[in-house]
Structures are given as structure tokens and as C-alpha cells.
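Work through the exercises below with the structure in view. Try each task before reading its solution.

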Amino acid sequence: MSGGIGRFISELVVGLAPFIDSALHRIDRFGEIDPMSCEFIQSCADARAGKVTG
């Protein structure tokens, strides 16, 4: 993910059109989240457990 983030920021800095639509990654795209809820913590653990690269 770091390479993509770096590319995105560098494109913004030099005035190029970003290679991705940043609206797809808005922090509020999931709605209201309680970061201390058991459901949220479990969904984060599930996402990390499913990683196969990076």
C-alpha cells in the first residue's frame, strides 16, 4: 500500500491527475464506527488474518 500512497501524493504534489479516485477511499465511506466495539475489533482482526501478501 505504501507505494500506491506515495505515488498518489507525489502526483498531487506535482499537479498530475491522480491514478486513482481518492473518493473511493474516504474515511467516512463506512459511516459511523465505534472503534472500541467488539464487532469492529473483530472485523479488523478478520481482515488482518485474511492477508496473503504485503
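## Exercise 1: The contacts of Arg29

The backbone oxygen of Arg26 lies 2.9 Å from a polar atom of the Arg29 side chain. This is a predicted model.

**Task.** Find where Arg29 sits, and find the other backbone oxygen that its side chain reaches.

**Solution.** 
1. Start with the place. Arg29 is in the loop between α1 and α2 (38-49).
2. Arg29 is partly exposed, at a relative accessible area of 44%.
3. Follow the side chain. It reaches the backbone oxygen of His25 at 3.0 Å.

## Exercise 2: Salt bridges

**Task.** State how many salt bridges the whole structure has, and name the partners.

**Solution.** 
1. Take the count. The search of the whole structure gives two salt bridges.
2. Take one pair. Arg26 and Asp28 form a salt bridge, with the closest N and O atoms 2.7 Å apart.
3. Asp28 is partly exposed, at 43% relative accessible area. Arg26 is partly exposed too, at 47%.
4. Take the other pair. Arg7 bridges to Glu11, and their closest N and O atoms are 2.9 Å apart.
5. Arg7 and Glu11 are four residues apart in helix α1, so about one helical turn separates them.

## Exercise 3: Glu11

**Task.** Decide whether Glu11 is buried or exposed, then list its contacts beyond four places in sequence.

**Solution.** 
1. Locate the residue. Glu11 is in helix α1.
2. Apply the cut-off. Buried means under 20% relative accessible area. Glu11 has 10%, so it counts as buried.
3. Compare the bridge partner. Arg7 is partly exposed, with a relative accessible area of 43%.
4. List the contacts. With neighbours within four places set aside, Glu11 touches Leu16, Ala17, Pro18 and Phe19.

## Exercise 4: The cysteines

**Solution.** 
1. Count the disulfides. The structure holds zero.
2. Look at Cys38. Cys38 is in no disulfide, and its nearest cysteine sulfur, in Cys44, is 12 Å away.
3. Cys38 is exposed, at 63% relative accessible area, whereas Cys44 is partly exposed, at 25%.

## Exercise 5: A nonpolar patch

**Task.** Name the residues that make the nonpolar surface patch of about 500 Å².

**Solution.** 
1. List the members. They are Ile5, Ile9, Val13, Val14 and Leu16.
2. Ile9 lies in helix α1 (residues 2-14).
3. Ile9 is partly exposed, with a relative accessible area of 46%.

Methods
Residues are numbered from 1 along each chain as its sequence is written. This is a predicted model: local features need pLDDT of at least 70, side-chain atom pairs count only at pLDDT 80 or more; totals for chains, interfaces and linings use all residues. Side-chain values use heavy atoms; hydrogens and water are left out. Patches are made of residues with over 30% relative accessible area and no salt bridge: like charges are joined within 9 Å, nonpolar side chains (Val, Leu, Ile, Met, Phe, Trp, Tyr) within 5 Å. Accessible areas come from the Shrake-Rupley method with a 1.4 Å probe; for residues, only the protein chains shown count as cover. A salt bridge is a side-chain nitrogen of Lys or Arg within 4 Å of a carboxyl oxygen of Asp or Glu. Helices (H or I, at least four residues) and strands (E, at least two) are DSSP runs, numbered from the N terminus. Buried means under 20% relative accessible area, exposed over 50%, partly exposed in between (1.4 Å probe, protein chains only). A disulfide is a pair of cysteine sulfur atoms within 2.5 Å. A polar contact is a pair of N or O atoms within 3.5 Å; within protein, one must be able to donate a hydrogen and the other to accept it, and residues adjacent in sequence count only if both atoms are side-chain atoms. Contact means heavy atoms within 4.5 Å.
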